Amino acid sequence: MNPDLDRLQPYPFEKLRALFAGVTPSAALAPISLSIGEPRHATPDLVKAALAGNLSGLASYPATAGTPALREAIAAWLMRRYTLPAVDATSQVLPVNGSREALFAIAQTVIDRTRGAVVICPNPFYQIYEGAALLAGATPEFANAARDRGFAVDYASVPADVWPRVQLLYVCSPGNPTGRVMTLDEWARLFEASDRHGFVIASDECYSELYLDETRPPLGALEAAHRLGRTDFRRIVVLSSLSKRSNVPGMRSGFAAGDAEILKRFLVYRTYHGGAMSPPVQVASAAAWRDEAHVVENRRLYREKFAAALPLVSAPLETAMPDGGFYLWVRTPVPDAEFARELFRQYNVSVLPGSYLARESGGTNPGRNYVRVALVAQFDDCIEGIRRIAEFARSI
Ligand SMILES: Cc1ncc(COP(=O)(O)O)c(C=O)c1O
């Protein structure tokens with residue numbers, strides 16, 4: 001067996017199951033789950049129709065590089081969304097089967113395990129980054145995103161002697177769970193560090209299309225690079241997804257875009273790994289990337305939920321409107337696991353303890369005394385769940 005498998009941590013939801021084991025929630029209240037970050041709005045008809053109308057594609061093996069039509073649809077979307085003058089569909093874009101597998105696979109592609117590699121992860125973070133680093137033979141290093149810096153990742157906390165060993169740095173913007181979007185200044189500093197030390201930046205942008213102000217779409221890594229005059233996207237790979245944007249988490253569809261040299265090697269890795277996308281999924285994905293109307297409607301549904309939820313929850317508890325994503329990151333007056341367990345017992349609402357999404361670093365777990373509340377359920381369930389959270393908070 002691969003000994004690195006033993007270094008993987010239990011997934012946050014396994015920890016949540018263990019926390020709730022033996023707890024009997026109040027039978028008087030219907031269960032409401034706000035713990036899992038799975039989109040639940042309806043899949044658009046245009047995506048379902050494109051998928052159903054192209055089932056004949058199941059009769060052939062797909063190319064790992066994807067069809068030119070899909071790559072062009074993605075490149076055109078990137079240029080529109082981020083006002084980029086040029087994205088080359090042949091060399092700067094690759095389809096992937098959801099951002100999760102690509103976030104994992106990029107580490108296996110870029111890391112040289114013979115050189116004591118370090119991978120920097122934000123903290124709290126999406127657990128795949130850590131597992132990808134460990135299975136690539138690297139050591140994860142966590143940079144905290146805490147309240148005192150407005151949840152910006154504190155890269156200055158990474159010791160000077162660690163930076164020369166950094167081979168990969170994961171960014172998550174908008175962040176899961178904090179919802180924070182990286183600023184252009186922060187990008188400029190990261191690009192400088194990448195130039196100095198030669199590490200690759202893997203930018204997880206799977207929440208990029210879920211934002212609350214239609215006039216302020218989140219800044220992306222390629223857009224930041226372009227604005228800072230880095231037209232070749234050197235050492236940047238963006239991982240994006242249709243799961244949240246188009247409510248198709250089961251379709252497993254996303255893309256990698258950026259540095260053409262890295263993507264060339266990524267394609268080699270993926271060819272051996274078996275990372276090709278099913279042909280009907282490719283057609284449905286191209287249709288989804290070409291359409292924005294359903295995404296505008298999707299954002300409207302989230303905006304309605306956030307507008308109703310925030311005043312209810314922010315009276316008794318500390319939280320704020322996120323820059324993007326579908327989570328509220330809520331400060332708890334008692335330890336987060338205790339808060340989550342008692343909320344489940346007394347009000348039959350499940351939320352995720354923040355400490356399960358973070359690691360101890362610099363003497364602290366930056367998820368401690370926070371819970372992540374996912375506003376993914378339908379409006380009425382979300383608001384009823386939030387109302388119960390507020391009532392519970394008042395009773396503490
Ligand atoms: C931060 C983050 N990145 C990536 C993913 C993976 O999404 P997908 O593989 O559906 O694109 C998720 C899913 O919840 C996530 O929260």
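What volume does the largest cavity have? Hi everyone, let me start there, with the reminder that this is a predicted model. The answer is about 150 Å³ for the largest cavity. Of its 18 lining residues, Phe-151, Val-153, Cys-172, Gly-175 and Thr-178 sit closest to the centre. If you sort that lining by class, you get twelve nonpolar, four polar and two charged residues. As for how many cavities reach 30 Å³ or more, the structure holds one.

Now to the open space. The largest pocket has a volume of about 500 Å³, and 26 residues line it. Nearest the centre of the pocket you'll find Tyr-11, Gly-37, Arg-100, Tyr-126 and Lys-244. By class, the pocket lining comes to 13 nonpolar, seven polar and six charged residues.

H11 covers residues 336-347 and H12 covers 379-395; their axes come within 10 Å and cross at roughly 110 degrees. An angle from 65 to 115 degrees counts as roughly perpendicular, so that is how H11 lies relative to H12. The crossing is right-handed.

And which residues meet there? From H11 we have Phe-339, Glu-342, Leu-343, Gln-346 and Tyr-347, and on the H12 side Arg-388, Ile-389, Glu-391 and Phe-392. By class, this contact has five nonpolar, one polar and three charged residues.

Conventions. Residues are numbered from 1 along each chain as its sequence is written. This is a predicted model: local features need pLDDT of at least 70, side-chain atom pairs count only at pLDDT 80 or more; totals for chains, interfaces and linings use all residues. Side-chain values use heavy atoms; hydrogens and water are left out. Axes are lines fitted to C-alpha atoms, for helices over the stretch in contact, and angles run from 0 to 180 degrees between N-to-C directions. Helices (H or I, at least four residues) and strands (E, at least two) are DSSP runs, numbered from the N terminus. Angles under 35 degrees count as roughly parallel, over 145 as roughly antiparallel, 65 to 115 as roughly perpendicular and the rest as oblique. A crossing is left-handed if the near helix is turned anticlockwise from the far one by less than a right angle, and right-handed if clockwise. Contact means heavy atoms within 4.5 Å. Ala, Val, Leu, Ile, Met, Phe, Trp, Tyr, Cys and Pro count as nonpolar, Asp, Glu, Lys and Arg as charged, and the others, Gly among them, as polar. On a 1 Å grid over the protein atoms alone, a cavity is a set of points where a 1.4 Å probe fits but cannot get out, and a pocket is an open set with protein on both sides within 12 Å along at least five of seven lines; lining residues have an atom within 4 Å of a point. Grid points are joined across faces, edges and corners, and a volume is the space filled by probe spheres set on the points.
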